[in-house]
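Here's a quick briefing to read alongside the structure. Have the viewer open and follow the topics in order.

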Amino acid sequence: MVWKDEKMKITMAHGSGGTASHQLMEEIFAPYFHNPILDLREDAAILSMEKGNYAMSTDTFVVTPLFYSGGDIGKLSVCGTVNDLCCMGARPQYMTCGFILEEGLSFEVLERVVKSMAGTAKGAGIRLVAGDTKVIDGQGGLYINTTGIGRIPEGRQVRGANLAPGDAVLVTGVLGEHHATILSHRMNIENQIQSDNAPLNGLVEALFDAKLHPKAMRDITRGGLGTVLHELAQSSKAGVLIEEEKLPVSPAVQGFAEILGLDPLYMGNEGKLVVVVPWEERERALSLIRSQELGREAALVGQVIQGEGVELKTRLGGTRRVPPLVGEGLPRIC
Ligand code: MG
């Protein structure tokens with residue numbers, strides 16, 4: 001839609017529940033989000049669900065800038081929740097979203113975000129069934145909470161505590177892209193790096209379709225691969241040994257990280273997973289992931305070992321501990 005007045009902005013009235021709120025609903029949210037469940041406009045969504053186990057997850061998105069190379073806060077808010085669900089072996093089905101809008105946000109920006117969310121949700125096969133909007137004073141900012149739910153098909157047992165010595169540790173692609181993108185925008189550095197934000201449920205389903213047995217999966221987000229591996233190692237009371245030489249990092253991100261003194265091991269992604277599989281499935285899993293659009297640069301990066309924590313075999317052949325990340329490397333990347 002082209003707004004008659006490009007300067008149309010969110011005001012406190014849009015959060016009042018009155019005619020301005022109604023206008024927001026009719027002109028921005030309904031055209032993009034409509035589906036038979038939402039269209040009933042009841043106080044709560046009615047869902048019919050099969051018997052079985054479900055995964056449910058919630059996340060709040062406060063990234064700045066709102067738009068960046070390769071994505072935006074809307075796309076991120078759908079991918080983040082979809083990816084958390086599919087890491088448990090679930091098939092994402094339904095989601096809710098809550099918007100917090102700061103006074104002064106332009107309709108044009110909000111519409112771009114909503115359109116992006118709707119397109120991403122459609123692509124990932126998840127339905128938005130309930131939502132809420134609040135307006136607060138501020139400087140035109142926008143924050144989104146999403147909550148999602150999905151059924152875990154019978155027989156899937158993906159848990160952080162499943163790691164056992166000998167298991168293979170794979171990553172589904174190059175590290176640090178999202179982190180480097182957001183930092184580049186913040187620092188006004190021009191480069192070709194793009195965020196990897198993407199929904200990974202298709203890739204996860206392909207693993208199960210191929211009769212592989214992922215034991216644990218995590219999306220590599222804030223804190224990077226180093227942090228995710230620490231979490232898994234701790235849950236399983238095991239250690240993880242990774243090889244520096246095998247870590248997939250693009251030359252652009254490697255160069256960017258070196259200039260800024262960052263370690264790609266701690267840089268966040270928004271479209272990559274760690275996948276732990278039994279050692280005997282490693283080659284089949286790797287080639288299957290690489291056959292997927294979102295997994296072309298997947299790599300086998302290490303193995304679960306006896307012990308605790310994360311160790312890195314360096315390029316020179318030595319071994320060093322990878323400490324857990326202390327503090328936050330970069331706030332508001334997601
Ligand atoms: Mg996660």
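Accessible areas here come from the Shrake-Rupley method with a 1.4 Å probe. On that basis the chain exposes about 15700 Å², with carbon and sulfur atoms supplying 52% of it. Keep in mind that this is a predicted model. In outline, we're looking at eight helices and 13 strands, plus a magnesium ion with protein donors.

**Overall build**

- The radius of gyration is 21 Å, which agrees with the value near 20 Å that a compact globule of 334 residues would have.
- Along its principal axes, the C-alpha trace spans about 65 × 50 × 30 Å.
- Buried residues account for 51% of the 334 in the chain.
- Take the contacts with a separation of 6 or more: 86% of them come from residues 24 or more positions apart.
- On the charge side, there are 32 positive and 40 negative side chains, and the centres of the two sets lie 4 Å apart.

**The magnesium site**

- D84 has 24% relative accessibility, so it counts as partly exposed.
- D219 comes in at 10%, so this one counts as buried; the cut-off for buried is under 20% relative accessible area.

**Helix α4 and what covers it**

- Helix α4 (residues 177-186) is largely enclosed by the rest of the structure, because eight of its 10 residues are buried.
- The buried ones are E177, H178, H179, A180, T181, I182, L183 and S184.
- Their cover includes β2 (67-68), α2 and α7 (251-260).

- As background, most residues other than glycine have a negative phi, and most peptide bonds are trans.
- T64 and P65 are joined by a cis peptide bond, with omega about 0 degrees.
- You'll find P65 in the loop between β1 (53-61) and β2.
- N188 follows α4 and has a positive phi, near 55 degrees.
- The loop that holds N188 runs between α4 and α5 (201-209), and N188 is exposed, with a relative accessible area of 71%.
- K211 also has a positive phi, near 60 degrees, and is not a glycine.
- Look for K211 in the loop between α5 and β8; at 60% relative accessibility, K211 counts as exposed.

- Where is G307 found? It's in the loop between β11 (299-305) and β12 (309-313).
- G307 counts as partly exposed because its relative accessibility is 44%.
- Setting aside neighbours within four places in sequence, G307 is in contact with K237, A238 and G239.

How values were computed. Residues numbered from 1 in each chain as written. Predicted model: local features only at pLDDT ≥ 70, side-chain atom pairs only at ≥ 80, totals over all residues. Heavy atoms only, no water. Helix = DSSP H or I, 4+ residues; strand = E, 2+ residues; numbered from the N terminus. Rg over C-alpha atoms; globule rule 2.2 N^0.38 Å. Buried < 20%, exposed > 50% of the residue type's maximum accessible area, 1.4 Å probe, protein only. Contact = heavy atoms within 4.5 Å. Lys, Arg positive; Asp, Glu negative; His and termini not counted. Charge placed at Lys NZ, Arg CZ, Asp CG, Glu CD. Donors = N, O, S within 2.8 Å, 3.2 Å for Na, K, Ca; no water.
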